[in-house]
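Me: I would like to learn how to read a model like this one, feature by feature. Could you take me through it?

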Amino acid sequence: MSDIIQEALQEIFVALTTRWRKENGVLAIGVSRKQLLKAGSIEPAVLEDLLKKLKENISSLGLELLEYLYEGESWYAIRSSYVAPADLKSEEEAVLAIIIAHIESIKESKKEAPLANIKKKLVGGKYFSEYQFDRILRNLEQSGYIERKKNNLAYSPRTLIELPEDARKHICEESSRLIF
Amino acid sequence: MKIENKSNIEEILMELFFKFRDAYIKREYLSIEEREKDRKKLNELYQSFETMHQKILDSKCYLELGKIQQEQTNRFLADDIHPQQRVEMLAYILRSLMHPVLFIHGKTTLFSSALEEKKNQAGSIEILPSEEGNNQNIQQPEECHPVSFGAEDMAKLTQGIKNLIQQYKAFPKWQKKMDLHQAELLSQMVANGELEIVFPTKKKELSGVSTSIILKETVCQT
């Protein structure tokens, strides 16, 4: 592999794993295709080729490159192929699990759970105080796990990337057995 | 009369079915007495079933009743666990299923304006120069290289052993000169056919035995 391609792969890797916040203050998950093309001043075909090479290179490290659509744009991110600890605290994980359980139990295509129901369960059930709940919710939002849509909560890309569908369903089942 | 009875049975079954289903969906609590009473009613109705539709409704009732039973049992068992502990358990379940996104730059973040367009740069990584004045004071650290043990080194060792054996022809003599590592290596050389040591013995049980293990044991015992 030539030095220029090697360096390009290194830079793409660094770009995809950089922590940066979007204008609304929410953590961005990866980089958009548009930004990669603009930053590298390269053609789409070249970018495709580089991403393909990067995908091959990192797979032996237990990492995978994936592409996802968000607000009509293609984004790229790298995630672990194996289960690994995330940077959430225990209480944040629990709240995220409850949110996932609520959203997964909705049969409609519009996957949003009313915030009031989740708050009633957690604050009303005395699992968390109102202050704790609001703080955790804010952290989850800022970390890119959930987003608020009026009075509802919906998934943000990070939840969908880090937790596959079968994992979310399992969490839904377990949550119904543990949290009342 | 028959038709009336039939519709009565079906009404009762439908009523029970919707009662159980709503209770399950809304997660309402039904006491054991009430559930047993309903189950007894279902049991009594069973003898009167005539059509497949009634039997299907009966099965559906039992299914919903079973779901309520399962949920209330789970709740009963979970009540024994402190709520904080249940929260921790749920957190653990989520943690054990996560495939996290990779961030290798720690907790601090850049603002989006910090990611500027790449300008026309030469294809090389620029190494920032160190501060002036430090270069003179910093001594070059000693470099360590791993020691490799190649075929040549092995050949030297094996030749050394051969020389030792040839020098002291009698077994007790070179046995005393050899240490355990040399004995180990000698055993391996004999095992792979590089050397053959003929050791006459009066012990009948060792007759015909050709192995390096005995040699090592003999060496170790002395």
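**Reading the model step by step**

Reply: Gladly! Let us start with one residue: Glu71(A) is exposed, as its relative accessible area is 70% and the exposed class begins over 50%. Keep in mind that this is a predicted model.

Me: Where is Glu71(A) found, and what is its phi?

Reply: Look in the loop of chain A between strand E3 (63-70) and strand E4 (73-80), where Glu71(A) is found. Its phi is positive, about 50°, although Glu71(A) is not a glycine.

Me: Which loop holds Lys126(A), and is Lys126(A) buried or exposed?

Reply: Lys126(A) belongs to the loop between H5 and H6 of chain A. It counts as exposed because its relative accessibility is 72%, and the cut-off for that class is over 50%. Lys126(A), a residue other than glycine, also has a positive phi, near 65°.

Me: Now the chains. How many helices and strands are there in chain A, and what share of its residues is buried?

Reply: Chain A contains eight helices and seven strands. Of its 180 residues, 49% are buried. Its accessible surface is about 9100 Å², with 51% belonging to carbon and sulfur atoms. For contacts with a separation of 6 or more in chain A, residues 24 or more positions apart account for 55%.

Me: And what pattern does chain B follow along the sequence?

Reply: Chain B reads α-α-α-α-β-α-α-α-α-α, which comes from nine helices and one strand. Buried residues are 23% of the 222 in this chain. Chain B exposes about 17600 Å², and carbon and sulfur atoms supply 54% of that area. Among its contacts between residues at least 6 apart in sequence, 65% join residues at least 24 apart.

Me: How should I read the largest nonpolar core, and which residues have the most contacts inside it?

Reply: Think of a core as buried nonpolar residues joined through their side-chain atoms. Here the largest one has 36 residues, and those with the most contacts inside it are Val95(A), Leu96(A), Ile99(A), Leu122(A) and Leu140(A). At least two residues each come from H4, H5, helix H6 (130-142), strand E7 (152-155) and H8 of chain A, and from H4 of chain B. H4(A) gives the most, eight residues. Another core, of 28 residues, lies apart from this one and includes Phe13(A), Val31(A), Trp75(A) and Ile161(A).

Me: What is Leu140(A) in contact with, leaving aside neighbours within four places in sequence?

Reply: With those neighbours set aside, the partners of Leu140(A) are Leu88(A), Glu92(A), Val95(A), Leu96(A), Ile99(A), Tyr145(A) and Ile146(A).

Me: Which contacts does Arg95(B) make beyond its neighbours within four places in sequence?

Reply: Arg95(B), in helix H4 (residues 83-95) of chain B, is in contact with Val83(A), Ala84(A), Ser90(A) and Glu93(A). Its relative accessible area is 29%, so Arg95(B) is partly exposed.

Me: Finally, how much space lies in the second largest pocket, and what lines it?

Reply: The second largest pocket holds about 1100 Å³ of space. Its lining has 31 residues, and Ser105(A), Ser176(A), Tyr24(B), Ile25(B) and Arg27(B) lie nearest its centre. Elements giving two or more lining residues include helix H8 (165-178) of chain A and helix H1 (2-26) of chain B. The largest share, six residues, comes from H3(B). By type, the lining divides into nine nonpolar, nine polar and 13 charged residues.

Note on methods: Residues numbered from 1 in each chain as written. Chains lettered and ligands numbered in written order. Predicted model: local features only at pLDDT ≥ 70, side-chain atom pairs only at ≥ 80, totals over all residues. Heavy atoms only, no water. 1 Å grid on protein atoms, 1.4 Å probe; cavity = no way out; pocket = protein on both sides within 12 Å on 5 of 7 lines; lining within 4 Å. Points joined across faces, edges and corners; volume = space filled by probe spheres on them. Helix = DSSP H or I, 4+ residues; strand = E, 2+ residues; numbered from the N terminus. Nonpolar A, V, L, I, M, F, W, Y, C, P; charged D, E, K, R; others polar. Buried < 20%, exposed > 50% of the residue type's maximum accessible area, 1.4 Å probe, protein only. Contact = heavy atoms within 4.5 Å. Core = buried A, V, L, I, M, F, W, Y, C linked by side-chain atoms within 4.5 Å. Areas by Shrake-Rupley, 256 points an atom, 1.4 Å probe, with all protein chains shown as cover.
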